[in-house]
There are 2 protein chains.
Amino acid sequence: MQWVKVLGGLVGASALLGLGIILGHFAIPKGADAPAPGVSVSQDLDLEILESVMKQLDASKIRENLRELSREPHLASSPRDEALAQLLLQRWRDPESGLDAAEAPTYEVLLSFPSREQPNRVAVVGPTGTVLFSCRQSEQNLTGEQGGPDVVPPYAAYAPPGTPQAVNAAKHGVAGVLVYTDPADINDGHSSASQTFPNSWRLPPSGVERGSYYEYFGDPLTPYLPANPSSFRLNPDTVPGFPPIPTQPIGFEDAKILLCNLQGTLAPAAWQGALGCDYKLGPGFRPDGDFPADSQVNVSVHNRLELRNSSNVLGIIRGAVEPDRYVLYGNHRDSWVHGAVDPSSGTAVLLELSRVLGTLLKKGTWRPRRSIVFASWGAEEFGLIGSTEFTEEFFSKLQERTVAYINVDISVFANATLRAQGTPPVQSVIFSAAKQIPAPGLDGLSIYDNWIRYFNRSSTAYGLVPSLGSLGAGSDYAPFIHFLGISSMDIAYTYDRSKTSARIYPTYHTAFDTFGYVDKFVDPGFSSHQAVARTAGSVLLRLSDSLFLPLNVSDYGETLRNFLQAAQRDLGVLLEQHSISLGPLVTAVEKFEGAAAALGQRVSALQKDTPDPLQVRMLNDQLMLLERTFLNPRAFPEERYYSHVLWAPRTGSVATFPGLANACSRAMNTSLGSAAWAEVQRQLSILVVALEGAAATLRPVADL
Amino acid sequence: MQWVKVLGGLVGASALLGLGIILGHFAIPKGADAPAPGVSVSQDLDLEILESVMKQLDASKIRENLRELSREPHLASSPRDEALAQLLLQRWRDPESGLDAAEAPTYEVLLSFPSREQPNRVAVVGPTGTVLFSCRQSEQNLTGEQGGPDVVPPYAAYAPPGTPQAVNAAKHGVAGVLVYTDPADINDGHSSASQTFPNSWRLPPSGVERGSYYEYFGDPLTPYLPANPSSFRLNPDTVPGFPPIPTQPIGFEDAKILLCNLQGTLAPAAWQGALGCDYKLGPGFRPDGDFPADSQVNVSVHNRLELRNSSNVLGIIRGAVEPDRYVLYGNHRDSWVHGAVDPSSGTAVLLELSRVLGTLLKKGTWRPRRSIVFASWGAEEFGLIGSTEFTEEFFSKLQERTVAYINVDISVFANATLRAQGTPPVQSVIFSAAKQIPAPGLDGLSIYDNWIRYFNRSSTAYGLVPSLGSLGAGSDYAPFIHFLGISSMDIAYTYDRSKTSARIYPTYHTAFDTFGYVDKFVDPGFSSHQAVARTAGSVLLRLSDSLFLPLNVSDYGETLRNFLQAAQRDLGVLLEQHSISLGPLVTAVEKFEGAAAALGQRVSALQKDTPDPLQVRMLNDQLMLLERTFLNPRAFPEERYYSHVLWAPRTGSVATFPGLANACSRAMNTSLGSAAWAEVQRQLSILVVALEGAAATLRPVADL
């Protein structure tokens, strides 16, 4: 899991400040076609099979999977990462519990690694170059797992090499960036060794969060093209999206030494943290501190770009009736270090789910109506690379045939509640699944009942319901939803927010994210892992096996209505001042709602009937393809891959139409008749046309 | 019918010459969802119905249609154009012979008209402004039809207003452009009144070809957006693609006066024509000619841009089994003047075909398996506007569901032979139709047998076959193939090229393109019209009614192989010199051929069987959607709408991959490592990915 977009913003914001070396307290947010004879074309979801799958999903097997997956560090393209690809292949080719077919295609992608010979270094040096203090170059070996040769030292992937030195940089240029995670943001303020791992789930003082600092996603050298050996590649020296200056992450233990010795203006209150001193902005060290005032911070970054082979692993269960309809289920395989939580908690669930389904398949008990494709993506931590290259290579095939994409990356952040993100059509199927699975440790309460206690919203259609989050670009669902327009979701168990304000689990992307950490602190007993396996597994089976696709397109109407109301509230006056009417958008939303409701009624009517399989297929195609109608590859040419007019990145915090809102915020301070105001009108038209076009696809198919 | 691209090239080339006023001899080249109870899901093409339709298509009814359609001028958006829209609606709503539903949606589009108050004028003036000679402002009223108030005077649509005056313009600036059609190009050299219409089919001396001089297609103010009243519009003053300078077409009678009086260097041999003098380049008039040497040519253009409502008329016959699969059949309705040939010869056929099918429908004798949509497009002559706006408005719905688009614009250019253009998947269905229809006037010979005598090629798969032309952007198929990736075709009857070298029928876009012209010279008896109605009708029925779609995807393999061989022959050495290998392209073509052949075998196998309808639907989807896989909206960002990587405009004359060939011709004289050479590599990769992606969609659907 990684949060590309937010990181981009961080680096941008840092440069804006114009400081020499920024010692911020920002956290880096995480960031054979024919059916077998005898197959019924009316084959529908079998509730007994579903129940049996739910029962067979075994917490102890997930635990065993996790132990093996996280036994060694498995950085993207490393020998251990490739060994795990082989392990997955072997499981998926198992004659007793494997799938119909599996393979491990490879892309040649541009990754970034620190140098073994010249470790990255952060030091305070005196005026003659004497080293007065050095930051740690690796994390403290607390459990015997942090010291091995395969533990990659902390670094900022894709940050360029260089050796800036300054505490008092030129006002107009930032020489380098240091990043650390403040105990206020990750440890609820706690920072001592006794209060942190291995004594609690909290981040130890030496822990350093690794991450990719590339602004976009996908292989940096082959945008829109699969990174096959023969593909055209950009020149790495001029590729856009890499940080412009050397950047290095450090632990809060070291950050404290640097930050608490700064002089200068007091930083804003929101920038203060829990290092036990007042945070100041510099420039320079305070005269009464640990370092002479003429000391400087020297940062040596020796990262190198390397073309590496990275594998995806793909496995398929062929559909019995509609093999050309795919339900995709994926997670990445690569980690920064051992990655027990990220991503192996998800991979452990993936393997257990494929084992249970594979066993039913090999026994001849079951074959899904539609095809199921499992995927283990490579090089996600560097920027969703494996999944993005896959979507680039099979763009048409996937776009024509994919029912939905289910992503389970980190399956368990914490064990309080389910958390799901997705586009509106998947809400109902997640609810259906969650209602029928018991919440772990809460006798008699369903996952749904528990979920609604933690995340909820008031729906005009349904009253109080769990709230589904929206999809950013934090994991491999990004290319599926934003580039291909495939209805997507991400499912996990997560925190009780009343008990911690940690922005993510504390050992995220550090060498302390180990099996022991999960086993002892995150999910002892693995019942939350099992709950996620059951929820995602039930969603998968409902999508692959139901005669009528359980995608409720009416739920998009509610989202559109909410977006519209937000636009009217926040932008209405401004637009009116510029003689821009939201009237056509109101009409388009109404048309969508009307068409979606009528389609829902036709589905219900047909369900009561004995429909012929072609009639069902035609309706299902309308449901499946709705999400595609929101794509417009010409809407946001500057936003690589983002083509979905409803879910492109928004610069503001209000949940509304992104193109319109972004254009308004750019136009706001320009004059009437500016290009920026023309772009507002263009974005409004793009949106209206997309909604009207979507409504047209929902109407009876032979309406003019 | 109009040839946007060629015109653009003409204007561009003219500007390049740097002459003051160009008196060229260039020709402007011409360019309710549920099935009814009792419907069988295995419903297939009924050969008796087909035969009955062939018999009922009535030449005399086509003649009557044409008489009515061409009775008055019906320029786009004129009252008569709108009246014809109502006539079509009425026919398609006829209770005895109409369709299931019809409507006439309207777009608000930017057209260009000459001023009634200030007619455009071309004159030779003396140094004091005395008018020494004026070109005609309208054509001679030879048949009583050229004089009415609705005959729009000759003009160059979208040419800007202005009053340039020069014969001796600054070397670096062209002040204005005059265009005429030389008798050498249009009349096989003949130019006297006695040799031309109404005494023959040839162009009279006063005839002037109108046309649109807009570089792109679609409504100029709303690229990529439907021209609905609320849509965002570009500023007409800065819209790209209009001619930069005043432009006016004149007849060859007037061109002779201007051109034969020029002095200066003799124009190149290829520029000489049949006006009876040596063509010189100027500048200035010759001293021994009709005008004093200090005379100048004054061109006054008063064209005005106007937002006008233009209607499409759409009619549907709902499919009995697969109503969500559309076979589209269309032609434009608007003409420059009476437009008997262009476009009414096509509309007359369209109405006869819809009458025959509508009658079968209303009698309850027949309903197609798939839906048939008939379209009468508005404002084609101004740049394919009605059809383009339609594709913009219903992009997703059409792209998901359209089997093919059949265009019959001018149905009869001349009565010698069938001529068809299209993408490879439609070749076989046109052949099948043409083989079973008798060629008019050639006892015992089929249309196919006759066709192969005029246009043929040697196919590796089939031996000698009629050659299918490729689709440019000359008529309304352009947005369907280039923007939406829908397999498209254009069908007509045309010339015996051994009998005329006229680049198009001589009265093209003049006021002499009248019913009498068709009835007397183009197709007396209307048997060629009937032949086109039968051919296009048979193709339509085969596409709408066949259980297995008659789209032969293997035929794309032959095209790809030919393109590849041309690339190897023409570009291979150059690419090798720049270390660019065509190897990956060779592999991709081979993969395509292999996958297409294997799919063909699976279709054949299934045809022998009793396939279930879902199996057929899945195969048909593979066939239908193949063309879509060649679209890449990011391949040619500078070419508006063109997204098809195989049929985008080519700058060279060799039939090969356009993106690769164009990039090579731009890179040829640049240095190694230039951006232009990088673009060659990018284009090669785009092509390889498209072909590999296409092959992937043809493989068995559950292959990984």
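What follows is a set of questions and answers about a predicted model.

Reader: Before we start, what kind of model is this, and how are residues and chains labelled?
Author: Residues are numbered from 1 along each chain as its sequence is written, chains are lettered from A and ligands numbered from 1 in the order in which they are written, and side-chain values use heavy atoms, with hydrogens and water left out. It's a predicted model, where local features need pLDDT of at least 70 and side-chain atom pairs count only at pLDDT 80 or more, while totals for chains, interfaces and linings use all residues.

Reader: How many helices and strands does chain A have?
Author: Both kinds of element are DSSP runs numbered from the N terminus: helices are H or I with at least four residues, strands are E with at least two. Counted that way, chain A comes out at 19 helices and 20 strands.

Reader: What radius of gyration does chain A have, next to that of a compact globule?
Author: The radius is taken over C-alpha atoms, and the globule rule is 2.2 Å times the number of residues to the power 0.38. The C-alpha trace spans about 85 × 65 × 55 Å along its principal axes. For 704 residues the rule gives a value near 27 Å, which agrees with what chain A has: 26 Å.

Reader: How much of chain A is buried?
Author: Buried means under 20% relative accessible area, exposed means over 50%, and partly exposed is in between (1.4 Å probe, protein chains only). Of the 704 residues of chain A, the share that counts as buried is 63%.

Reader: How far apart are the centres of the positive and negative side chains in chain A?
Author: Lys and Arg count as positive, Asp and Glu as negative, with His and the chain ends not counted. Each charge is placed at NZ of Lys, CZ of Arg, CG of Asp or CD of Glu. Chain A has 56 positive and 70 negative side chains, and the centres of the two sets are apart by 1 Å.

Reader: Over to chain B: which residue caps the N-terminal end of helix 17?
Author: Helix 17 covers residues 613-625, and its 13 residues reach 18 Å from first C-alpha to last, close to the expected 18 Å. That expected span is 1.5 Å times one less than the number of residues. At the N-terminal end, a side-chain oxygen lies 2.7 Å from the backbone nitrogen of B:L614, and the capping residue is B:D612.

Reader: Is B:D621 buried or exposed?
Author: B:D621 lies in helix 17 of chain B. With a relative accessible area of 6%, B:D621 is buried.

Reader: Where is the cis peptide bond that involves A:P198?
Author: Most residues other than glycine have a negative phi, and most peptide bonds are trans. A:P198 sits in the loop between helix 5 (183-186) and strand 9 (211-212) of chain A. With omega near 10 degrees, the cis bond runs from A:F197 to A:P198.

Reader: Which residues does a cis peptide bond join in chain B?
Author: Look in the loop between helix 5 (183-186) and strand 8 (211-212) of chain B, where B:P198 is placed. Omega is about 10 degrees for the bond, and the pair joined is B:F197 and B:P198.

Reader: What is phi of A:S579?
Author: A:S579 is in the loop between helix 15 (554-577) and helix 16 (583-608) of chain A. A:S579 counts as exposed at 67% relative accessibility. Phi is positive in this residue, which isn't a glycine, at near 60 degrees.

Reader: Is B:H509 buried or exposed?
Author: B:H509 has a positive phi of about 65 degrees without being a glycine. Its place is the loop between strand 19 (488-494) and helix 13 (515-522) of chain B. At 4% relative accessibility, B:H509 counts as buried.

Reader: Which side chain does A:S194 contact?
Author: A:S194 is in the loop between helix 5 and strand 9 of chain A, and is exposed at 55%. A polar contact is a pair of N or O atoms within 3.5 Å; within protein, one must be able to donate a hydrogen and the other to accept it, and residues adjacent in sequence count only if both atoms are side-chain atoms. At 3.2 Å, the side-chain partner of A:S194 is A:S192.
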